[in-house]
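Colleague: I'm new to this one. Can you put it up and walk me through it?

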Amino acid sequence: MAARRQSKNELDAGDRNAMPDSAYAFPRQRKEPLNDASHVRNAIARFDQVRDATDAERAEAFKRIKRAAKRHGVDMTETRWQELGKPSATMRSSDKPRAGAARGNQSRASTASGNQSRAGAASGNQSRAGAASGNQSRDELYAEAKRRDVKGRSSMNKSQLERALSGS
């Protein structure tokens, strides 16, 4: 069997083991290496997927990522670690960032804040107005029910969620 060729940005186990803890966004867990631009973009995209990290560790990791982004020339518009992460459940698919579509090599980080502001307007205003018109998906209704702390929401179907939200 032919050996798999390693690309320039891939790290094998030996490379990872040779890196100091300080070269990682999350040094205690040795997660998200920050050795080149590709890995910095990956750390930004996967920031919210790291488990068992305290808020203080996330704040420190965000500082490390910002320093590495500046060092490797990666555009980063976020100013707080809370801005990194998954889009909200009420964000419509048309508002979600598209990978590579007409953006070239821009990172998710450089467009996330623009999408977040559009998503905030769409989810904040439309979720309340859309509840009356009945044009929301079950997931959007569930997210609103969760926000309002509707009891028993996880076992409700779409029409039950609509009734529960119109009554609260």
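Modeller: One term to start with: buried means under 20% relative accessible area, exposed over 50%, and partly exposed in between, with a 1.4 Å probe and protein chains only. This is a predicted model, where local features need pLDDT of at least 70, side-chain atom pairs count only at pLDDT 80 or more, and totals for chains, interfaces and linings use all residues. Residues are numbered from 1 along each chain as its sequence is written, and side-chain values use heavy atoms, with hydrogens and water left out.

Colleague: Fine. Is E32 buried or exposed?

Modeller: E32 counts as buried because its relative accessibility is 12%. E32 lies in strand β2, residues 31-33. Its phi is near 60°, a positive value in a residue other than glycine.

Colleague: Back up a bit. How many helices and strands are there?

Modeller: The protein has 6 helices and 2 strands. Both kinds are DSSP runs numbered from the N terminus: helices are H or I with at least four residues, strands are E with at least two. Along the sequence the pattern reads α-β-β-α-α-α-α-α.

Colleague: And what share of the protein is buried?

Modeller: Buried residues are 33% of the 168 residues.

Colleague: Which residues are buried in α2?

Modeller: In helix α2, residues 37-45, the buried ones are A37, H39, V40, A43 and I44. They are on the same side of α2, because they cover an arc of only 160° around the axis. The arc is that of the directions from the helix axis to the C-beta atoms.

Colleague: Now the helix pair. How do α5 and α6 cross?

Modeller: The axes of α5 (residues 138-147) and α6 (residues 158-167) come within 9 Å and cross at roughly 35°. Axes are lines fitted to C-alpha atoms, for helices over the stretch in contact, and angles run from 0 to 180 degrees between N-to-C directions.

Colleague: Which residues make the contact?

Modeller: From α5, R138, L141, Y142, E144 and A145; from α6, K158, L161, E162 and L165. Contact means heavy atoms within 4.5 Å.
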